[in-house]
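Q: I have a structure to get through today. Can we go over it piece by piece?

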Amino acid sequence: MARYRFHCTNGLECVFDAVGKEIRVPGRLADRARGVAEALMVTLDDGTDWRGWQVSVHDLRGRNVLVLPFRPPADAVAQGA
């Protein structure tokens with residue numbers, strides 16, 4: 001099992017994951033990254049435009065292993081945002 005950190009950024013602002021999460025199956029990194037993005041969008045539900053945000057996944061050596069763009073919230077998609 002390996003620990004990964006899930007940092008979120010839009011290139012100007014960053015939300016750093018100082019603790020990380022142990023992931024048993026590396027194929028599940030994308031699922032966890034999507035969950036991190038969704039949690040951040042809910043936590044900071046202040047009208048932020050999330051289209052430019054992404055989750056950058058790093059191993060404990062600092063190597064970038066995955067970059068996944070945020071998905072807009074379902075209600076924003078329904079409204080055509």
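Q: Which residue does Ala2 stand opposite in strand 3?
A: Ala2 stands opposite Ile23. Keep in mind that this is a predicted model.

Q: How many bridges are there between strand 1 and strand 3, and in what sense do they pair?
A: Strand 3 covers residues 21–23, and its pairing with strand 1 is antiparallel, over three bridges.

Q: And strand 1 with strand 4, how many bridges?
A: Six bridges, again with the antiparallel sense.

Q: What about strand 2, how many bridges join strand 1 to it?
A: Two bridges. Strand 2 is residues 14–15, and it runs antiparallel to strand 1. Within this pairing, Val15 of strand 2 has Cys8 opposite it.

Q: What do strand 1 and strand 2 form, and how many residues lie between them?
A: They form a hairpin, with four residues between the strands. Gly11 sits in the turn and has a positive phi of about 95 degrees.

Q: New topic: how many residues are in the largest nonpolar core?
A: It has 16 residues. Those with the most contacts inside it are Phe6, Cys8, Val55, Val57 and Phe70.

Q: Which elements each supply at least two residues of this core?
A: Strand 1 (2–9), helix 1 (29–43) and strand 4 (54–59) each do. Helix 1 gives the largest share, six residues.

Q: Why would side chains like that group together?
A: In soluble globular proteins, nonpolar side chains tend to be buried together.

Q: How many cavities of 30 Å³ or more does the structure hold?
A: One. The largest cavity has about 40 Å³ of space in it.

Q: Which residues line the largest cavity?
A: The lining is made of Arg34, Ala37, Glu38, Met41, Pro69, Phe70 and Arg71. Phe70 is also among the residues with the most contacts inside the largest nonpolar core.

Q: Which element gives the most to that lining?
A: Helix 1, with four residues.

Q: And by class, what is in the lining of the largest cavity?
A: Four residues are nonpolar and three are charged, with no polar ones.

Definitions and conventions:
Residues are numbered from 1 along each chain as its sequence is written. This is a predicted model: local features need pLDDT of at least 70, side-chain atom pairs count only at pLDDT 80 or more; totals for chains, interfaces and linings use all residues. Side-chain values use heavy atoms; hydrogens and water are left out. A nonpolar core is a set of buried Ala, Val, Leu, Ile, Met, Phe, Trp, Tyr and Cys residues joined through side-chain atoms within 4.5 Å. Buried means under 20% relative accessible area, exposed over 50%, partly exposed in between (1.4 Å probe, protein chains only). Two strands pair if DSSP finds at least two bridges between them. On a 1 Å grid over the protein atoms alone, a cavity is a set of points where a 1.4 Å probe fits but cannot get out, and a pocket is an open set with protein on both sides within 12 Å along at least five of seven lines; lining residues have an atom within 4 Å of a point. Grid points are joined across faces, edges and corners, and a volume is the space filled by probe spheres set on the points. Ala, Val, Leu, Ile, Met, Phe, Trp, Tyr, Cys and Pro count as nonpolar, Asp, Glu, Lys and Arg as charged, and the others, Gly among them, as polar.
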